[in-house]
Amino acid sequence: MSKSLARVRRALEDAGLNADIREVGQARTAQEAADSVGCEIDQIAKSIIFRAETSGEAVLFLTAGGNKVCAEKASALAGEPLGKADAALIRAQTGFAIGGVAPVGHLSPIRAWIDPRLLEFTTIWAAAGTPRHVFALDAHLLPGLTGAVPAAFTL
């Protein structure tokens with residue numbers, strides 16, 4: 001088991017959750033993940049990481065699989081301009097590689113917001129630390145697990 005996957009499993013177990021982590025063929029995109037587990041695309045919680053340009057920190061936007069983050073709305077929420085986060089920043093702050101960023105189990109605390117569309121579902125799926133692993137979760141637990149604030153930031 002990879003260190004990233006183990007960290008996600010441990011974060012879920014520490015929160016008192018019995019993690020339903022599944023290995024899938026490939027889940028680099030929301031559509032691939034949805035097809036793999038047989039759910040709607042919007043039931044996939046995408047972890048979108050931006051670089052906060054003033055602070056240099058990574059910030060996290062958890063969005064429904066079919067939605068896209070609006071840069072202007074996201075920047076307003078973050079209180080600073082946002083830019084593209086490179087692989088090194090993502091790995092350094094979260095401990096995950098692009099394509100496998102989980103909403104939990106980060107190496108460092110991260111400011112986060114959640115798309116209200118995700119909260120319309122009972123069950124959602126998210127990356128479990130690798131591009132080949134996903135986990136199921138009651139959507140309403142995600143804000144408490146991640147500290148993500150529900151906000152409108154999609155196009």
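Which helix is Thr 146 found in? Select helix H5, residues 142-146, and Thr 146 is there. Keep in mind that this is a predicted model.

**Stop 1: Thr 146**

Show the side chain of Thr 146. Its relative accessibility is 13%, so Thr 146 counts as buried, the cut-off being under 20%. The backbone nitrogen of Ala 148 sits 3.1 Å from a polar atom of the Thr 146 side chain. Next, colour Leu 62, Pro 103, Val 104 and Ala 112. Thr 146 touches these four, leaving out residues up to four places away in sequence.

**Stop 2: Leu 142**

Stay in helix H5 (residues 142-146) and pick Leu 142. Setting aside neighbours within four places in sequence, Leu 142 is in contact with Ala 45, Leu 62, Pro 103, Ile 114, Ile 124, Leu 137 and Gly 147.

**Stop 3**

In soluble globular proteins, nonpolar side chains tend to be buried together.

**Stop 4: the aromatic cluster**

Select Phe 50, Phe 61, Trp 113 and Phe 153. They form one aromatic cluster. The model has three aromatic pairs. Start with Phe 61 and Trp 113. Their ring centres are 4.9 Å apart and their planes meet at 15°, so the pair is stacked; the cut-off is under 30 degrees. Phe 61 lies in strand E3 (residues 58-64) and Trp 113 in strand E5 (residues 111-114), so this pair ties together parts 52 residues apart in sequence. Both Phe 61 and Trp 113 are buried.

Is the pair of Phe 61 and Phe 153 stacked or edge-to-face? Phe 61 and Phe 153 are edge-to-face, with 5.0 Å centre to centre and 70° between the planes. Phe 153 is in the segment after strand E8 (149-150), 92 residues from Phe 61. Check burial here too. Phe 61 has a relative accessible area of 0%, so Phe 61 is buried. Phe 153, at 1% relative accessibility, also counts as buried.

**Stop 5: Arg 7 and Phe 96**

Finish with Arg 7 and Phe 96. Arg 7 lies over the face of Phe 96, 4.7 Å from the ring centre.

Note on methods. Residues are numbered from 1 along each chain as its sequence is written. This is a predicted model: local features need pLDDT of at least 70, side-chain atom pairs count only at pLDDT 80 or more; totals for chains, interfaces and linings use all residues. Side-chain values use heavy atoms; hydrogens and water are left out. Rings of Phe, Tyr and Trp (its six-membered ring) pair if their centres lie within 6.5 Å; planes under 30 degrees apart count as stacked, over 60 as edge-to-face and the rest as tilted. Helices (H or I, at least four residues) and strands (E, at least two) are DSSP runs, numbered from the N terminus. Buried means under 20% relative accessible area, exposed over 50%, partly exposed in between (1.4 Å probe, protein chains only). A charge sits over a ring if NZ of Lys or CZ of Arg is within 6 Å of the ring centre and within 35 degrees of the ring normal. Contact means heavy atoms within 4.5 Å. A polar contact is a pair of N or O atoms within 3.5 Å; within protein, one must be able to donate a hydrogen and the other to accept it, and residues adjacent in sequence count only if both atoms are side-chain atoms.
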